Amino acid sequence: MTLPSLDTDRLVEDLTNLLNIPSPTGYTGQAIDWLEHRLAEFPHLRLSRTRKGALVAVWQGQSNEASRALTAHVDTLGAMVKEIKPNGRLKLTKIGGFAWNTVEGEGCRVFASTGEPVRGALLLAKASGHVHGSQVNEARRDDDAMEVRLDARTASADETRALGIQVGDFVAFDPRVEVRDGFVRSRHLDDKACVACLLAALRALHAAGLQPTRTTTFHFSNYEEVGHGAASGFPPDLAELVTVDMAAVGEGQASDEFHATLCVKDSGGPYHHGLSQRLRALAEEHAIPYKVDIYPHYGSDGEAYWRAGGDVAVALIGPGVDASHNYERTHLEALEATTNWVLAYLLS
Ligand SMILES: [Zn+2]
């Protein structure tokens with residue numbers, strides 16, 4: 001059986017649009033709304049939201065036996081205002097696991113709870129080389145050393161509060177999306193790349209007039225980066241969950257930006273061997289470029305469901321992403337491989 005053809009241009013368009021919607025964990029409403037509008041194009045999907053705010057789409061399959069699910073997350077790394085400093089600048093607290101140096105110098109948006117979003121940049125507080133000399137290089141980048149400089153006239157906490165900014169406001173770092181020669185360079189490809197792959201798979205099946213073999217739940221989670229995204233939101237009779245999330249690329253890793261990867265073990269231990277083997281066989285059957293890998297510092301939403309008591313087989317596939325939780329990059333070949341793998345699974 002040949003897989004239905006992909007609309008790669010549309011995949012890139014969807015991905016770019018989604019990347020440009022800020023969605024730090026806890027502030028994902030706009031991204032979920034956008035996705036719901038895209039999925040509403042497919043009349044055979046039954047859409048709902050969990051109370052936690054995840055988006056769930058169910059596609060009735062040819063069979064209701066041993067129902068399946070795929071999950072990918074729309075939430076990303078980000079931050080929250082921790083304190084308004086006496087100089088009017090903001091001290092932040094991180095949302096998700098990343099190092100401050102990965103966003104140092106990045107533009108950002110502060111979602112003022114009582115007004116318009118305010119632009120700014122995340123900087124080392126001792127940022128100027130002409131003022132602080134070697135300290136700019138030597139300072140340890142921790143919560144106290146970093147601050148947001150707002151693009152607004154403020155030099156005091158009161159003036160910043162007058163902008164509508166308060167403790168607890170969400171902060172999103174600019175993704176800086178650029179697509180060139182097949183490469184996609186952006187923050188937050190984790191995991192918006194995989195959300196776009198799932199959407200592309202849905203489009204391809206729909207355009208070809210096909211239906212999944214088994215009834216399938218498409219679960220778009222919104223709390224993955226803090227560890228409990230897909231802990232809920234699945235039907236009670238679920239038999240299998242394929243997590244679609246980025247593959248870790250770097251020294252010692254088998255993954256790269258031109259393949260999809262089957263992850264067989266990460267920080268949470270081994271994935272389900274039987275389901276992993278079936279996915280491997282599907283990749284072989286359909287000549288999908290893939291790698292098998294182990295991620296040393298990584299947890300997934302599939303494991304979140306396991307920890308919450310989900311009694312299902314769980315596996316993990318996804319495109320290779322270089323410099324993850326940093327200024328990331330992948331390639332269209334990895335996105336196509338991931339989407340084809342999802343299609344092969346849905347039609348198997
Ligand atoms: Zn992820």
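**Close-up 1. E178 and R180 pair up in a salt bridge.** In this predicted model, the closest N and O atoms of E178 and R180 sit 3.2 Å apart. As a rule, side chains of opposite charge can pair when their charged atoms come close.

**Close-up 2. R278 and E240 meet in another salt bridge.** Here the N to O distance is 2.5 Å. R278 belongs to helix α7 (residues 273-285) and E240 to strand β13 (residues 238-244), so this contact ties together parts that are 38 residues apart in sequence. R278 counts as partly exposed, at 35% relative accessibility, whereas E240 counts as buried, at 12%.

**Close-up 3. E106 and R187 form a salt bridge between buried residues.** The closest N and O atoms of this pair are 2.9 Å apart. E106 comes from the loop between β5 (90-95) and β6 (107-111), and R187 from the loop between β11 (183-186) and α6, so the bridge links distant parts of the chain, 81 residues apart. E106 is buried, with a relative accessible area of 5%, and R187 is buried as well, also at 5%.

**Close-up 4. A network of salt bridges links R10, D14, R38, E41 and R203.** This view takes in five residues joined by charged contacts. How many salt bridges are there in the model as a whole? The count comes to 21.

**Close-up 5. A zinc ion is held by H73, D190 and D245.** Along the chain their spacing reads H-x116-D-x54-D. H73 is in strand β3 (residues 63-73) and D190 in helix α6, so those two tie together parts that are 117 residues apart in sequence. Why is the arrangement called irregular? The four donor atoms subtend angles of 53 to 143° around the zinc ion, and a tetrahedral label would need all angles between 85 and 135 degrees. H73 counts as buried at 1% relative accessibility, and D190 is buried too, at 6%.

Close-up 6. In α2 (residues 29-39), the buried residues are A31, I32, W34, L35 and L39. What do they pack against? Their partners are α1 (8-19), β1 (45-49), β2 (55-59), α6 (189-207) and β12 (214-221).

**Close-up 7. Aromatic rings pair up at nine places in the structure.** F98 and F173 form an edge-to-face pair, 6.1 Å centre to centre with 75° between the planes. F98 lies in the loop between β5 and β6 and F173 in strand β9 (residues 170-173), so the pair ties together parts that are 75 residues apart in sequence. Both are buried, F98 at 11% and F173 at 4%. F183 and F258 make another edge-to-face pair, at 5.9 Å and 75°. F183 sits in strand β11 and F258 in the loop between β14 (247-249) and β15 (260-266), 75 residues apart. F183 counts as partly exposed at 23%, as does F258 at 31%. Elsewhere, ring pairs join Y27, F111 and F170 into a cluster.

Notes:
Residues numbered from 1 in each chain as written. Predicted model: local features only at pLDDT ≥ 70, side-chain atom pairs only at ≥ 80, totals over all residues. Heavy atoms only, no water. Buried < 20%, exposed > 50% of the residue type's maximum accessible area, 1.4 Å probe, protein only. Helix = DSSP H or I, 4+ residues; strand = E, 2+ residues; numbered from the N terminus. Contact = heavy atoms within 4.5 Å. Salt bridge = Lys/Arg side-chain N within 4 Å of Asp/Glu carboxyl O. Donors = N, O, S within 2.8 Å, 3.2 Å for Na, K, Ca; no water. Tetrahedral: all angles 85-135°; square planar, octahedral: opposite > 155°, others 65-115°. Phe/Tyr/Trp six-rings, centres within 6.5 Å; stacked < 30°, edge-to-face > 60°.
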